[in-house]
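Subject: Structure handover

Hi,

Here is the structure for your files. Please open it beside this email.

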Amino acid sequence: MEIPFYDLGKLHKGMRGELETAFQRVIDSGVYVLGNEVEAFEAEFADYCGVKHCIGVGSGLSALHLTLVALGIGRGDEVIVPAHTFIATWLAVSETGAKPVPVEPDAATYNINPHLIEDAITPRTKAIIPVHLYGQPADMDAISLLARQHGLKVIEDAAQAHGARYKGKRTGGLADAAGFSFYPGKNLGALGDGGAVTTQDDTLADRVRHLRNYGSRKKYHHEIRGHNSRLDELQAALLRVKLKHLERWQARRLAISRVYVQGLKASPLVLPEVLSSAEPSWHLFVVCCHQRDQFRKKLEVDGIQTAVHYPKPPHLQPAYRGAVPEGFPVTEAIHKTVVSLPMGPAMDDQQAERVVQSCLNALD
Ligand SMILES: *Cc1c(COP(=O)(O)O)cnc(C)c1O
C-alpha cells in the first residue's frame, strides 16, 4: 500500500458534492470578482482567527507584499526575515524595493531565533516578519518586545499556520498583521491560488483593501497606485466549504503527529520540538536524519513518499546570489538533514503506524 506525502485528491473526492454545490452557486450568481462569496469568506475567516479584519487577496506572497506596502515600507528600508523559510517571505520584501535581512533560526524549533534579531537591527529596519514555520508559532512574545523597544512593525507569515495557537491565541492576530496563503497544499487550501491579510488595525485593513483593487475605493477613482490581487469568488466559495472542515482536519493532523512522536521518540531521528506556549497546525512533520538521502530511498522502496522543506535556503538561490554576504551555518545544517514525513487530513492512524514501522526498519 502506497502512502502519498499529501493526498489532496482523496480529500476533495470525499467532499465532492459540497464543492460542486458551491461551484454551481458561483456560476449561477453571475458575479466572479469581489462579490458576496469573498465578503462572506472574509467574515468567516476573520472570525476563525479571532481578528477584526480579513482581506482576501491573490496569494500568500501578495498578502505579505501588500501588507508591507500598506505600512509604507519600500526602497531604502530593511525588513528582518528568517534565513530558514520558503523564499516567498524574502520575495515579498524585495518586491517593495526594501532589503530582506535574514536571521538564523533556533536549531530546535526551526523558527527565527529572537536572541539574534537585535544584532540585525539598523536605523533602516522597519519591520520583522516571523514565519510560523511547519505550522509551529514563532516565539512571538520575545519578538513583539524587541519590536516595541525599536519601534518596528511585526507581520506574521502564517502561510503554514492556519489555526495554530500561541498561548491559546490563534495565529493571524498575534502581531500588527498576518499574511495567509490558500495554495492548495496548505492546511486551508483553495483549488487554485489565494491568500489573505488579517489584522486588527482599521487603517491598515482599509489600505490593503484599496491596494488589492487598483488603489481604488470608488470605481474609476484611484487615490493610490494599486495592484490587481483579489481572491476570486470561486476560490472564496470553495474555501468557505473547506473552512467548515478545518477543525476536524487539524485534529487529524494532531493525531498523526502523536503517532509519529510515540513511535519514533526512541529512534535516532531528531523529532520536532514543540514549545509549551505553542499548539502547531502540523502543516508538516519534519524530522532530522543524518543519512537523509539513504533514509528517504528506503522509505520510497517501501512505498512511502517523503519531501524536503527545503532543499536549498533562499540565500543560496541564484535569485539572491551576492545579496547577503555572510554564511548561515544553522540554516544550512537544517537544510542538509530535514525530511518531511507524510502528513494530512486524509491520512488515518494505521497509515501513520505504517510510516513509523518503515522509518524504524530504515534506521536499523
Ligand atoms: C506558501 C508560502 C508562502 C507563499 O504563499 P503563496 O500563496 O504560494 O504565494 C509564503 N510563506 C511561506 C512560509 C509559505 O509556506
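Notes on the ligand, the pocket, the cavity and the backbone follow.

This is a predicted model: local features need pLDDT of at least 70, side-chain atom pairs count only at pLDDT 80 or more, and totals for chains, interfaces and linings use all residues. Residues are numbered from 1 along each chain as its sequence is written, and side-chain values use heavy atoms, with hydrogens and water left out.

Ligand

The shell around the ligand holds 13 residues (a residue is near if one of its heavy atoms lies within 4 Å). Gly 60, Asp 157, Gln 160, Ser 181 and Lys 186 come nearest. By class, the shell has five nonpolar, six polar and two charged residues. Here Ala, Val, Leu, Ile, Met, Phe, Trp, Tyr, Cys and Pro count as nonpolar, Asp, Glu, Lys and Arg as charged, and the others, Gly among them, as polar.

- Ser 181: an N or O atom of its side chain is 2.6 Å from a ligand oxygen.
- Asp 157: a polar side-chain atom lies 2.8 Å from a ligand nitrogen.
- Leu 61: a polar backbone atom is 2.9 Å from a ligand oxygen.

Alone, the ligand exposes 380 Å², and the protein buries 91% of that (Shrake-Rupley areas, 1.4 Å probe). Helix H4 (60-70) and helix H5 (88-96) each give two or more residues to the shell. Helices are DSSP runs of H or I with at least four residues, strands are runs of E with at least two, and both are numbered from the N terminus.

Pocket

The ligand sits in the largest pocket (more than half of its atoms lie within 2 Å of the grid points). On a 1 Å grid over the protein atoms alone, a pocket is an open set with protein on both sides within 12 Å along at least five of seven lines; a cavity is a set of points where a 1.4 Å probe fits but cannot get out; lining residues have an atom within 4 Å of a point.

The largest pocket has a volume of about 500 Å³ (the space filled by probe spheres set on the points, which are joined across faces, edges and corners). Of its 28 lining residues, Phe 86, Gln 160, Ser 181, Tyr 183 and Lys 186 are closest to the centre. H4 gives the largest share, three residues. H5 and strand S8 (177-181) each supply at least two. The lining divides into 13 nonpolar, 11 polar and four charged residues.

Cavity

One cavity of 30 Å³ or more turns up in the whole structure. The largest cavity holds about 90 Å³ of space. Its lining has nine nonpolar, two polar and one charged residues, including Tyr 110, Trp 282 and Glu 273.

Backbone

Most residues other than glycine have a negative phi, and most peptide bonds are trans. Two spots to check:
- Leu 34 has a positive phi of about 50°, in the loop between helix H2 (16-29) and helix H3 (36-49).
- Tyr 310 is in the loop between helix H10 (292-301) and helix H11 (329-337).

Best wishes

Conventions:
Polar contact = N/O pair within 3.5 Å; in protein donor to acceptor, adjacent residues only side chain to side chain.
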